[in-house]
Amino acid sequence: MPRYPDHLTGEGPVNPFPGIKVLERRIGREIPHRLGSNEGLDMPHRALREHFGDAVAQHVYCYGDAEALGVRQRLSALQNIPLEHLLVDAGADSLIALALRTTCKAGETVVSTAGTYPTFGYFAQGQGCRLIEPSYHEAPGVLAPNLEALAAAAHQEDARLVYLANPDNPSGHLHSDSAILKLREELPETCWLLLDEAYGDFRDDADSDFASKALPGVIRLRTLSKAHGLAGLRIGYAIAEPTVLAMMMKVRIHYAVSSFTQAAAEVVLDHPEEVRQHIADVKARREQLALHFIGLGADVLPSATNFIGIRLPSVELATAVHQELLAEGVLVARLAHPELANVIRITAVEEALEPGKLAALEKALQPSTR
């Protein structure tokens, strides 16, 4: 079993402010008079009410439920995940930082693919961890995290944690469930697998039995930013065994997810048909974009996400396209890592399909301009 830092293995630290919602559940009754939590309960909020309305204003007075029970209950019911296997926090980014705080300390080694979602490396290095980055596996039509290289690096460097985005950001590649299980088996017993599934809702098998499992030695992360359209409100969740989540709660910010964010998430989760339709629309746009650029001769990478990646012949061409589009007020992503700097990433929103919107990229793909 992977280990935790020594300072977390005792009884403490203990959250000094679990919040009134948690206290109400502990004592089994409502506490209607909040005279001890020092919130601005008598703030009239006239300007806020005028701007947003009373329905929004009613959620801003009090600290959110530290356990986000309403959101967890809905996720549990929708995805058949046991309630005790769920922890809600302020988006997948916050959960990455939380997982690192739970599992690693300064000076320890972590492993991730060179050029994968850079926030992981940003947080890992900010925590004082040593970052090892094996390269992607590249081949015609393939840009994928190299699972064998990740496992080998974990053994060679005595890594405490391996990070993998699946589906991958920025390549869009999806490893099979069996490949993920094999990776977990091949990692050192004392090494964690941090599995970032922020784009998992766009998998064709997103509702499989495997998707709902808490895996030993694995912390799975998901978000409501993509398929649920709540990026601005910052909310996501982890799936792990209860003992792991209990350890994460020791180092979690008490009220990381606001009352309003939780209320909004509950409304969206109560209307899964809208989410399902959005996912279907995104997949259709993704395929339309991919077919369009394949028809122009582009090297379009297979994607199980809400974006497509286009691998251009050179870094110089990718840079020129990115700058020309930006000058026109169109922002696409050109990957920052030197090993992937020839890849352009385009989100599959309706606007991306507008004729002429990506003309600079289309022109660059013409044989005479390469």
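Tutor: Points join across faces, edges and corners, and volume is the space filled by probe spheres set on them. This is a predicted model, where local features need pLDDT of at least 70, side-chain atom pairs count only at pLDDT 80 or more, and totals for chains, interfaces and linings use all residues. Residues are numbered from 1 along each chain as its sequence is written, and side-chain values use heavy atoms, with hydrogens and water left out.

Student: What lines the second largest cavity?

Tutor: Gly141, Val142 and Leu143 are in its lining, along with Ser171, His173, Leu301 and Pro302.

Student: And which residues lie nearest the centre of the largest cavity?

Tutor: Gly200, Arg203, Ala206, Ala211 and Arg222, out of a lining of 14 residues. Ala206 turns up again at the largest pocket, where Leu78, Gln79, Asp201, Ala206 and Asp207 lie nearest the centre.

Student: What's the volume of that pocket?

Tutor: About 500 Å³. The lining of the largest pocket has 21 residues.

Student: Which helix gives the most to it?

Tutor: H11, with five residues. Helix H4 (69-79) and helix H11 (272-295) each supply at least two residues of that lining. By the way, helices (H or I, at least four residues) and strands (E, at least two) are DSSP runs, numbered from the N terminus.

Student: Switching to the backbone. Where is the cis peptide bond?

Tutor: From asparagine 166 to proline 167, with omega near 0 degrees. Proline 167 sits in the loop between strand S6 (161-165) and helix H8 (177-186).

Student: What about phi at asparagine 38?

Tutor: Asparagine 38 isn't a glycine, yet its phi is positive, about 60 degrees. Histidine 45 is another non-glycine with a positive phi, near 55 degrees. Most residues other than glycine have a negative phi, and most peptide bonds are trans.

Student: Where does asparagine 38 lie?

Tutor: In the loop between helix H1 (20-27) and helix H2 (46-52). Histidine 45 is in the loop between H1 and H2 as well.

Student: Is histidine 45 buried or exposed?

Tutor: Histidine 45 is buried, at a relative accessible area of 18%. Asparagine 38 counts as exposed because its relative accessibility is 75%. The cut-offs are under 20% for buried, over 50% for exposed and partly exposed in between (1.4 Å probe, protein chains only).

Student: Next, H7. Which of its residues are buried?

Tutor: Helix H7 runs over residues 147-156, and Leu147, Leu150, Ala151, Ala153 and Ala154 are buried there. They're on the same side of H7, because they cover an arc of only 160 degrees around the axis; the arc is that of the directions from the helix axis to the C-beta atoms.

Student: What's on the face turned away from the buried side?

Tutor: Glu148 and Gln156, both exposed.

Student: And what do the buried residues of H7 pack against?

Tutor: Strand S2 (109-111), strand S3 (130-132), S6 and H8, where contact means heavy atoms within 4.5 Å.

Student: What happens just after H7?

Tutor: Aspartate 158 takes a positive phi there, about 50 degrees.

Definitions and conventions: On a 1 Å grid over the protein atoms alone, a cavity is a set of points where a 1.4 Å probe fits but cannot get out, and a pocket is an open set with protein on both sides within 12 Å along at least five of seven lines; lining residues have an atom within 4 Å of a point.
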